[in-house]
Each structure stands twice: as structure tokens, then as C-alpha cells.
Amino acid sequence: MGGSSGVLLSIFFTAAAKSMAGTGILSSALLAGLERLTFYGGAKPGDRTMVDALDAALRSLAASGLSQAARAARAGADATSAMTTAKAGRASYVGARDLVGVPDPGAVAVAAAFEIAANVISSQVARGEATVVAD
């Protein structure tokens, strides 16, 4: 990760926080953050960016819970390794032959964050330290 990802994540979390204050629904708030991130960043799913993992994860989170969101994020990140054209982000400056088989770093980071969150919450629930269920 690098480049403008910090700014984009700031936009994402700011928009999500504003939405959360209004709706109180986390999955909806995070999707609102994603909408703002894609609006300002210009990337969309299939562009070989962190959005590939983030979009998949957040849509899955709303429908199926955190564990499934982590799996969807990983699938989104893994799918970027087959994309030979990056339409946004730092990888857009890299030739197709150098992209093949290499997942987008931002997408991998998003997937890792969701996997860690799902594992931590699942572990806390298993130990009786939390009441939130990851699924």
C-alpha cells in the first residue's frame, strides 16, 4: 500500500463515521464510506485496487457477517492477481506482464485487516469475552 491509500482511507472512515452517526447501522455506514472512497478515488471493482477487496467484503458483511466478509475480501484480493490491467492506483503504471500472478498490495492489506478482525472477534466470543458473533 502507499500512494494515496492513506487519503482514501481517511475519506472512507470520515464518511462512514458521519453515516454511522445518522443511521447507527455499521454495515450501511461502511458502504457509505465505500461510496465516497470510490467517488473521490475513481476506482471501482475490477480496477485492480484495494476496492476489489473492500467492496466484496462490505457487501458480504451486510449480508452474511464478518467471517464471510473476510473470505470475500480474500477472494477479491486474490482475484486481482489475474487482472492484467490496472485502471487506477499505483499499479496502473506497471506493465501487464509484471502484474500477472501478483495481487494488488492494497487489496491484500484490506483482506488481512478483515481476516484479523474476524479472528479476533471469533476468539473473544469463544472465550466469552465478547457477545458479538462474527457470523
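Which residue forms a salt bridge with Asp47? Lys44 does, and the closest N and O atoms of the pair are 3.5 Å apart. The model is predicted.

## Salt bridges

The count of salt bridges comes to four. The pair of Asp47 and Lys44 is one of them. Asp47 is buried, because its relative accessible area is 3% and the cut-off for buried is under 20%. Lys44 has 47% relative accessibility and so counts as partly exposed. Side chains of opposite charge can pair when their charged atoms come close.

Glu35 and Arg36 form another salt bridge. Their closest N and O atoms are 2.8 Å apart. Glu35 is partly exposed, at 40% relative accessibility. Arg36 is also partly exposed, at 26%.

## A bridge within helix α3

Helix α3 spans residues 50-64. Asp55 and Arg59 both lie in α3. They are four residues apart, which is about one turn of the helix. Their side chains meet in a salt bridge, at 2.8 Å from N to O.

Is Asp55 buried or exposed? Asp55 is buried, with a relative accessible area of 14%. Arg59 is partly exposed, with a relative accessible area of 48%. Both residues return in the contact of α3 with α2.

## Helix α1 against α3

Helix α1 covers residues 5-23. It packs with α3 at an angle of about 25 degrees. The axes are 13 Å apart. That angle makes α1 roughly parallel to α3, because angles under 35 degrees count as roughly parallel. The crossing of α1 past α3 is right-handed.

On the α1 side, the contact is made by Ser5, Leu8, Leu9 and Phe12. On the α3 side, Met50, Leu54 and Leu58 take part. By class, the residues of this contact are six nonpolar, one polar and no charged.

## Helix α2 against α3

Helix α2 runs over residues 26-41. How do the axes of α2 and α3 cross, and within what distance do they come? They cross at roughly 155 degrees and come within 9 Å. The two helices are therefore roughly antiparallel to each other, because the angle cut-off for that class is over 145 degrees. Here the crossing of α2 past α3 is left-handed.

From α2, the contact residues are Ser27, Leu30, Leu31, Leu34, Leu37 and Thr38. From α3, they are Met50, Val51, Leu54, Asp55, Leu58, Arg59, Leu61 and Ala62. The contact divides into 10 nonpolar, two polar and two charged residues. Met50, Leu54 and Leu58 of α3 meet α2, and they also make the contact with α1.

## Ala69 in helix α4

Ala69 lies in helix α4, residues 66-79. Ala69 is buried, with a relative accessible area of 0%. Which residues does Ala69 contact, leaving aside its neighbours within four places in sequence? They are Ala57, Ser60, Leu61 and Phe114. Leu61 of α3 is also among the residues that meet α2.

Ala69 and Glu115 are 46 residues apart in sequence. In space, they are 8.4 Å apart, C-alpha to C-alpha.

Notes
Residues are numbered from 1 along each chain as its sequence is written. This is a predicted model: local features need pLDDT of at least 70, side-chain atom pairs count only at pLDDT 80 or more; totals for chains, interfaces and linings use all residues. Side-chain values use heavy atoms; hydrogens and water are left out. Axes are lines fitted to C-alpha atoms, for helices over the stretch in contact, and angles run from 0 to 180 degrees between N-to-C directions. Angles under 35 degrees count as roughly parallel, over 145 as roughly antiparallel, 65 to 115 as roughly perpendicular and the rest as oblique. A crossing is left-handed if the near helix is turned anticlockwise from the far one by less than a right angle, and right-handed if clockwise. Contact means heavy atoms within 4.5 Å. Ala, Val, Leu, Ile, Met, Phe, Trp, Tyr, Cys and Pro count as nonpolar, Asp, Glu, Lys and Arg as charged, and the others, Gly among them, as polar. Buried means under 20% relative accessible area, exposed over 50%, partly exposed in between (1.4 Å probe, protein chains only).
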